[in-house]
Amino acid sequence: MSYTNEQVAHLVEGTLDWETTFRMLSMPKDTSRFAQYLDALQAKVTFTDKIVLPLGPHLYIVQKADTKKWVTQCDCGHVFADYRENWKLHAAVYVRDTEEAMVEVYPKLMAPDTQWQVYREYYCPTCGAMHDVEAPTPWYPVVHDFEPDIEAFYRDWVNLPVPERA
Amino acid sequence: MVRRPGSGAEAEKKQPNVEETVGHQDIPVQVMGIDAGGTMTDTFFVRADGRFVVGKAQSNPGDESLAIYNSSVDALAHWRREVDDVYPELVTCVYSGTAMLNRILMRKGLNVGLICNKGFEQLHSMGRALQSYLGYALEDRIHLNTHRYDEPLVPVSRTRGVTERTDVQGKVVIPLREDEVRQAVRDLVALESQAIVICLLQSHKNASSEQHARDIVKDELEAMGVSLPVFASVDYYPSRKESHRMNTTILEAYGAEPSRQTLKKVSDRFKKHGGKFDLRVMATHGGTISWKAKELARTIVSGPIGGVIGSKLLGEALGDENIACSDIGGTSFDVALITKGSFAIKSDPDMARLVLSLPLVAMDSVGAGAGSFVRLDPYSKSIKLGPDSAGYRVGTCWADSGLDTVSVSDCHVVLGYLNPNNFLGGAIKLDVERARRHIKEQIADPLGLSVEDAAAGVIELLDLTLSEYLRANISAKGYNPADFTCFSYGGAGPVHTYGYTEGVGFKDVVVPAWAAGFSAFGCACADFEYRYDKSVDLGLPQFAGDDQKAAACATLQEAWGDLAVKVIDEFVNNGFKPEDVLLIPGYKMQYMGQLNDLEITSPVTTAATAADWDKIVEAFETTYGRVYASSARSPELGFSITGAILRGTVATQKPVLPEDPDAGPVPPESARLGSRPFYRHKRWVDATVWKMEALKAGNHIVGPAIIESDATTFVVPDGFETTIDKHRLFHLKEVK
């Protein structure tokens with residue numbers, strides 16, 4: 001089973017017809033999907049740095065075109081940090097820890113008690129895109145979501161050469 | 001009447017494919033069955049002497065009547081007859097097709113407006129959770145990501161709630177607010193509704209509020225000077241289960257009228273060519289109804305049912321009352337059981353991914369068929385069949401198919417089961433080398449097998465899947481395969497018959513010579529029968545007083561009375577007199593507190609006295625003992641009647657089975673077409689190839705042999721033998 005680049009681009013946009021989407025979901029994954037997925041993402045972004053791994057709808061680990069360094073970067077080109085660091089520590093943060101802030105997103109009495117739970121929203125300092133929301137107890141440290149073993153993923157899972165890294 | 005010149009004898013010499021009975025043009029053609037499928041439209045004609053022909057043509061969704069005409073031309077060419085001569089001779093014609101189903105699946109019905117209880121406006125859109133995975137293969141059912149809710153038939157924007165409430169006992173606790181109904185009608189008309197459906201809670205228990213709403217709707221429409229059809233659920237499907245009742249009533253409004261137009265077009269074309277018969281349509285309950293019938297939603301699924309009805313008729317002719325019906329098509333394998341001469345009815349089936357309250361001939365399906373795609377799981381390296389299939393594109397062996405994934409048919413072609421030059425009578429030429437190459441690349445090489453062994457492995461896997469499924473279906477219901485005769489049909493059935501019946505231990509295995517047109521044949525066998533159902537709630541202890549029994553009988557009789565009016569109305573619409581109609585009452589009964597009811601044909605024609613009640617109970621207990629076990633009977637729980645059923649039939653012409661004289665066990669030399677290498681059990685053997693049409697009653701053939709006709713191939717491998725009987729049925733046996 002394989003798909004065209006156009007189909008994968010539609011998948012990324014959320015505009016792929018249901019019949020094809022259903023087939024993708026129920027069949028074993030097509031071997032070339034990850035490479036096609038990266039191509040579709042690369043075509044969408046304005047920067048020239050090579051995408052190594054997508055982390056979210058607008059967030060990527062990229063290989064900088066000039067230095068070959070791997071960094072976590074926003075759609076708009078804003079660089080957060082080295083890819084091994086927690087990018088959230090370099091983001092703009094908005095914490096909803098009062099009832100007034102909570103009723104902006106949930107009806108009154110249907111939001112958590114902020115003594116027990118707060119929302120921490122992480123934004124790109126350059127373009128303002130929201131990249132993540134955490135819902136921890138108020139004292140909890142910033143969550144480091146995951147540290148992907150990119151080399152192993154490329155080598156053992158998708159059978160692609162690992163991009164160069166400075 | 002103009003007939004083609006030329007004697008039969010001459011024609012036979014020039015055209016060996018034409019059936020030997022050419023020339024008997026004075027024998028009238030009486031019965032026509034139509035199976036208008038998604039890809040092919042099959043027609044089946046039966047003469048007064050029981051001889052039959054099968055015709056095939058490409059389906060035409062734009063104008064079904066044209067595909068039926070083309071298919072008829074194809075069929076009648078075997079007899080050198082013309083449509084214009086034959087249509088006027090026909091006395092009966094039954095249609096079954098997928099047009100209505102497709103209309104629902106493609107969401108191409110009318111703009112329906114819905115009136116329901118206030119607060120329940122979202123009920124139809126939400127649907128039942130299982131509707132999100134109905135029709136899925138098991139792997140997808142348990143894979144939540146694939147679950148998906150279809151577009152509702154009626155959007156919330158065209159739904160209006162009205163204040164009303166009837167409780168579960170049928171007591172009106174909040175009366176209907178009339179002004180809200182009137183406002184709802186005005187809204188729905190403004191929204192350009194083309195039909196209005198009314199479905200209120202518990203209306204099967206107490207119809208008064210819903211009927212009241214219906215009258216107000218009609219009154220308001222009249223006052224507005226608007227003419228729209230109005231469908232109240234109580235008038236159509238007065239059964240419990242709100243989602244089912246609502247879906248079914250909506251389906252009626254949404255899809256039935258457009259389907260009626262399709263059927264009218266078909267009927268008109270018959271009339272144009274001289275047809276004098278009244279077109280009937282196969283319905284889900286296993287009977288046929290007129291295309292003018294009030295309830296057409298029940299024609300939504302009809303094709304596969306035909307085979308079950310045909311099996312029942314054949315079973316009666318052969319004296320077999322327990323039959324396992326197996327139909328193998330391109331995408332699926334359908335199994336139905338006939339026990340003690342009757343098939344089971346499911347009262348709340350699902351169709352087109354909707355739960356419905358329609359009586360449906362019970363059938364089980366597995367998504368593996370003759371056209372299923374074959375793939376290797378990239379991780380486990382195991383062979384996977386389907387769930388998708390090549391369908392009409394056959395497989396990679398057909399170069400024009402545009403396919404490059406191997407299908408089961410490719411394996412058959414490579415192993416010599418199918419004749420690459422005679423697929424669909426030679427209409428399609430198959431490329432064996434192309435299939436070999438794809439099997440080698442995709443299956444054989446990755447597994448380190450030869451092409452033959454890889455292909456044979458695929459066939460074995462399919463056969464095993466099907467036979468396990470068949471066996472499980474019989475034993476799970478508490479029966480023993482040794483008590484059953486297996487009927488095998490469908491275009492691809494006879495290729496697989498030996499494979500999925502081997503070792504199951506059936507009493508007999510029967511392959512009709514007309515396997516490819518069997519569903520169409522079965523439709524022509526069905527009674528002209530209306531069936532209506534109504535939910536009732538009756539509960540009586542084991543030792544009830546005579547008064548209680550008589551009261552229960554009165555309630556049941558009242559329900560039958562309501563249904564009789566509907567049934568007789570339908571026949572009167574078709575020009576029958578009420579006294580011509582044979583009414584067959586039935587009921588659904590269970591031990592009180594148990595979950596499953598059984599459908600029983602009533603031993604009494606009217607129910608009034610305590611003695612009647614006792615007979616009703618006795619008939620239930622006998623059936624219960626047969627279906628489960630005598631020792632499982634639990635009369636101490638008391639008895640519930642959950643539904644009243646009424647069937648009404650009138651006499652119709654049915655196909656006559658052929659009765660051929662016994663020509664002895666040795667097949668005529670003219671039937672021998674040659675031989676073909678055939679691979680099974682790790683070796684190539686030479687299989688004798690026979691022409692199915694040229695074989696005579698009584699002929700005995702020992703495998704390895706392949707019996708070919710235009711529309712089907714019957715495989716008899718080594719270790720099997722077959723005899724053709726006077727009805728042109730092949731009986732397949734394992735040689736011990």
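A: Let us begin with pairing: two strands pair if DSSP finds at least two bridges between them. Helices (H or I, at least four residues) and strands (E, at least two) are DSSP runs, numbered from the N terminus. The model is predicted, so local features need pLDDT of at least 70 and side-chain atom pairs count only at pLDDT 80 or more, while totals for chains, interfaces and linings use all residues. Residues are numbered from 1 along each chain as its sequence is written, and chains are lettered from A and ligands numbered from 1 in the order in which they are written.

Q: In which sense do strand β3 and strand β4 of chain A pair, and over how many bridges?

A: Strands of a sheet pair through backbone hydrogen bonds, either parallel or antiparallel. Here strand β3 (residues 70–74) of chain A pairs with strand β4 (residues 79–82) of chain A in the antiparallel sense, over three bridges. Within this pair, Thr72(A) stands opposite Ala81(A) in β4(A).

Q: Which residue takes a positive phi in the hairpin of β3(A) and β4(A)?

A: Most residues other than glycine have a negative phi, and most peptide bonds are trans. In this hairpin, where four residues lie between the strands, Gly77(A) takes a positive phi near 100°. A residue that is not a glycine can be read in the same way: Asn159(A) has a positive phi of about 50°. Asn159(A) is placed in the segment after α5 (150–157) of chain A.

Q: What is the strand order in the open sheet of three strands in chain A?

A: The order is β5-β6-β7 (chain A), with antiparallel pairing. At the edges are β5 (92–96) and β7 (130–134) of chain A, each of which pairs on one side only. On average, neighbouring strands of this sheet are turned by 20° against each other, direction ignored. Such angles rest on axes, which are lines fitted to C-alpha atoms, for helices over the stretch in contact; the angles run from 0 to 180 degrees between N-to-C directions.

Q: How many bridges join strand β6 of chain A to β7(A)?

A: Four bridges join strand β6 (residues 119–123) of chain A to β7(A), and the two run antiparallel. Tyr122(A) stands opposite Asp132(A) in β7(A), and Arg120(A) has Glu134(A) as its bridge partner in that strand. The hairpin of β6(A) and β7(A) has six residues between the strands, and in this hairpin Gly128(A) takes a positive phi near 80°.

Q: How many helices and strands are there in chain B?

A: Chain B has 18 helices and 35 strands. Its radius of gyration (taken over C-alpha atoms) is 27 Å, close to the 27 Å that the globule rule gives for 736 residues, so chain B is as compact as a globular protein of that length. The globule rule is 2.2 Å times the number of residues to the power 0.38. Along its principal axes, the C-alpha trace of chain B spans about 80 × 65 × 55 Å.

Q: Which strands form the open sheet of four strands in chain B?

A: The strands stand in the order β29-β30-β32-β33 (chain B), and their pairing is mixed. The edges are held by β29 (672–680) and β33 (713–716) of chain B; each has a single partner strand, so one side of each is left without a neighbour in the sheet. Neighbouring strands here are turned by 25° against each other on average, direction ignored. Eight bridges pair β29(B) with strand β30 (residues 683–691) of chain B in the antiparallel sense, and Ser675(B) has Thr688(B) as its bridge partner in β30(B).

Q: Where is the place of Pro704(B)?

A: Pro704(B) lies in the loop between β31 (700–702) and β32 (705–708) of chain B. A cis peptide bond joins Gly703(B) and Pro704(B), with omega about 5°.

Q: At what angle do the axes of helix α17 and helix α18 of chain B cross?

A: Angles under 35 degrees count as roughly parallel, over 145 as roughly antiparallel, 65 to 115 as roughly perpendicular and the rest as oblique. The axes of helix α17 (residues 546–573) and helix α18 (residues 610–627) of chain B come within 8 Å and cross at roughly 75°. Therefore α17(B) and α18(B) are roughly perpendicular to each other.
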